[in-house]
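Subject: Structure for you to look at

Hello,

Here is the structure I said I would pass on. My notes on what was found in it follow below.

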Amino acid sequence: MSFAAKRPTRVTQIGHVRLGGDAPVVIQSMTNTDTADYLATAIQCAELARAGSELVRITVNSPEAAAAVPLIREHLDRMNCAVPLIGDFHYNGHRLLTEHPACAEALAKYRINPGNVGFGRKKDEQFAQMIELACRYDKPVRIGVNWGSLDQDLLARLMDENSRLAQPLDATDMMRHAMVVSALESAAKAEEIGMAGEKIILSCKVSSVQDLIAIYRKLAERSDYALHLGLTEAGMGSKGIVASTAALAVLLQEGIGDTIRISLTPEPGGARTQEVIVAQEILQTMGLRAFTPMVVACPGCGRTTSTLFQELAGEVQDFVRARMPEWKLHYDGAETMTVAVMGCIVNGPGESKHANIGISLPGTGEAPAMPVFEDGQKTTTLKGENITSAFKDIIERYVARTYKKKLSA
């Protein structure tokens, strides 16, 4: 199945960012600062944007947070950071948007959870109020269903209907069905109130890989809205990365998904930007987008007792990622470059020839010489103690020579 097979035909505009149609899959992230601390939040928004987050979501949960939103936007603008801001609302969003019009205006999109937009008789009224405010300010909305806060009235209704079926759904299928129905019914209500379909993004967040895949396949079959993908609580470290990759790769390969977030739990003291890097690497390794040169490196074996190739691979990866912001300003296509750092003669020369630039380091018992290949041709051999700096210089010269300089540079 082609990547475009299930992309929505209508396009949602969020600030300067497009979702759906032939637009690329967009990466987003979310701050974990206290939004009322506008300076700390603006700084983290800028850090996420510099790392590659094209949309940044912020919590708007109190009058103080709502009052801070226009200040955050102003501070970002002064930093020349145009990343669109998404307001994450729960419980009191209708009131905060009404009482803080500057907040409503400064945000590029509102996130509404139909499971906790209100309760009892107030639920429909408060949902309608938020949709009306979004229409007034011409803002798109993400209707974000979450299994942890699924609308209990809707769930009770669907379970009652299910109990009367000749072949009732089991608990897992019932949960998946309820998630999809909640999203689609909420979107239909929003359109009845007056919101255009192209202003609506849907998400159904769960923490199980198989549930996520099944739910989004149903959403894609039954709607033409832009879809936001992501596990709701991916977890920490390798578990969070693997779970997110397993779920999103399947859906993205089927053409499902227009924007993604990797909801990693940061390590203590860890950078929030890690989730952005993981999102980029998922899209780039799948061939859907290119963000920064990719470094290919062998895992090492008994032939590679030296740690030199591991150290060089790590330094090269850090180097190209650090240089990419400047290369992006001056050169077209540098982000598609591949660099191979190989540890011995078995696959080293072959992998190096297949990359744009490659180096084959000596394994155990091999001569202390390191051939360098550029576009499949051996161009030099490095020796001595300054291998890392010499190889970085070769990469820098290759970028300047190979990729067309932008006219605006």
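In these notes, a residue is buried at under 20% relative accessible area, exposed at over 50%, and partly exposed in between (1.4 Å probe, protein chains only). This is a predicted model: local features need pLDDT of at least 70, side-chain atom pairs count only at pLDDT 80 or more, and totals for chains, interfaces and linings use all residues. Residues are numbered from 1 along each chain as its sequence is written, and side-chain values use heavy atoms, leaving out hydrogens and water.

The structure holds 23 salt bridges (a side-chain nitrogen of Lys or Arg within 4 Å of a carboxyl oxygen of Asp or Glu). Helices below are DSSP runs of H or I with at least four residues, strands are E runs of at least two, and both are numbered from the N terminus.

Asp 124 pairs with Lys 189 in a salt bridge, with the closest N and O atoms 3.5 Å apart. Asp 124 lies in helix α5 and Lys 189 in helix α7 (residues 171-193), so the pair ties together parts 65 residues apart in sequence. Asp 124 is partly exposed at 45% relative accessibility, and Lys 189 is partly exposed at 35%.

Lys 123 forms a salt bridge with Asp 151, where the closest N and O atoms are 2.9 Å apart. Lys 123 belongs to helix α5 (residues 122-136) and Asp 151 to the loop between β7 (141-146) and α6 (152-163), so this pair joins parts 28 residues apart in sequence. Lys 123 is buried, at 12% relative accessible area, and Asp 151 is buried at 11%.

Regards
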